[in-house]
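Dear colleague,

I am handing over the structure below, and after it you will find a short account of what was found. Please read the two side by side.

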Amino acid sequence: CCSIDLNTAPKPLQLICAYAPSMVADPVDELSRKEQFWHFFGETFDRPPPHIQWCFLGDGNVRLPTEQVPEEMAIGPDAWSKRQVVMDPERDNAEYLLEFLIAHDLFLPQTFDQPSLKHRITYKETTATGANFYRPTLADWAALDYVAIPKNVAPQVLKRRNNPFVSLATR
């Protein structure tokens with residue numbers, strides 16, 4: 001996890017970048033790593049200073065469902081829905097992320113009002129056979145990376161999209 005504080009108006013903005021644990025072979029180790037990460041992450045942001053606005057971004061290693069509790073509105077109808085097959089829900093990062101979003105009154109803006117499928121994806125699967133960026137399929141693409149912002153700043157969002165085709169390493 002790393003962060004940067006920016007001097008913005010009407011209050012400073014803290015950008016927090018984090019990388020959630022991925023799946024590992026040992027389910028006990030995996031559960032321990034995920035519980036530790038999400039506990040620390042949640043505890044860190046349970047009491048944000050009132051004079052700072054913050055935004056979480058990073059690789060949540062999350063494959064989101066589109067079916068959500070409508071009252072929460074943390075994840076929109078345009079999420080790239082490719083659920084991970086996890087036998088134990090306690091090992092699913094999506095469950096932890098959803099709890100985090102709800103507890104902190106956050107939402108994922110890129111899952112709302114995103115008609116273009118190519119702007120919903122962030123990751124080409126290692127098992128991809130076709131991988132057409134312009135016509136992504138659930139078999140070849142996933143969305144693992146997200147930006148989470150407080151719901152009260154939703155009107156300030158100008159543009160929201162993912163772009164897996166752009167790689168900083170190739171520039």
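To begin with one cysteine, Cys2 is partly exposed, because its relative accessibility is 49%, where buried means under 20% relative accessible area, exposed over 50% and partly exposed in between, with a 1.4 Å probe and protein chains only. The closest cysteine sulfur to that of Cys2 belongs to Cys17, 4.6 Å away, which is too far for a bond, a disulfide being a pair of cysteine sulfur atoms within 2.5 Å. The structure holds zero disulfides. Cys55, in turn, has a relative accessible area of 8% and is therefore buried.

Before going further, please note that this is a predicted model, in which local features need pLDDT of at least 70 and side-chain atom pairs count only at pLDDT 80 or more, while totals for chains, interfaces and linings use all residues. Residues are numbered from 1 along each chain as its sequence is written, and side-chain values use heavy atoms, with hydrogens and water left out.

The aromatic residues come next. Rings of Phe, Tyr and Trp (for Trp, the six-membered ring) pair if their centres lie within 6.5 Å, and planes under 30 degrees apart count as stacked, over 60 as edge-to-face and the rest as tilted. By this rule there are ten aromatic pairs. One of them joins Phe41 and Phe56, whose ring centres are 5.0 Å apart and whose planes stand at 65°, so the pair is edge-to-face. Because Phe41 lies in helix α1 (residues 27-44) and Phe56 in strand β3 (residues 53-59), this pair ties together parts that are 15 residues apart in sequence; helices (H or I, at least four residues) and strands (E, at least two) are DSSP runs, numbered from the N terminus. Both Phe41 and Phe56 are buried.

A tilted aromatic pair is formed by Trp54 and Phe100, with 6.3 Å centre to centre and 50° between the planes. This pair links distant parts of the chain, since Trp54 is in strand β3 and Phe100 in helix α2 (residues 93-103), 46 residues apart. Trp54 is buried, with a relative accessible area of 7%, and Phe100 counts as buried at 4% relative accessibility. Phe37, Trp38, Phe41, Trp54, Phe56, Tyr96 and Phe100 form one aromatic cluster.

Strand β3 also belongs to an open sheet of five strands, in the order β1-β2-β3-β7-β4, with mixed pairing; two strands pair if DSSP finds at least two bridges between them. The edge strands, β1 (2-6) and β4 (106-107), each pair on one side only. Over four bridges, β3 and β7 pair in the antiparallel sense, and Gly58 stands opposite Tyr146 in β7. Strand β7 (residues 145-150) is also antiparallel to β4, over two bridges, with Pro150 in β7 as the bridge partner of Leu106.

Finally, Tyr146 is among the residues that line the largest cavity, as are Asp78, Trp80 and Arg120.

With kind regards

Terms used. 1 Å grid on protein atoms, 1.4 Å probe; cavity = no way out; pocket = protein on both sides within 12 Å on 5 of 7 lines; lining within 4 Å.
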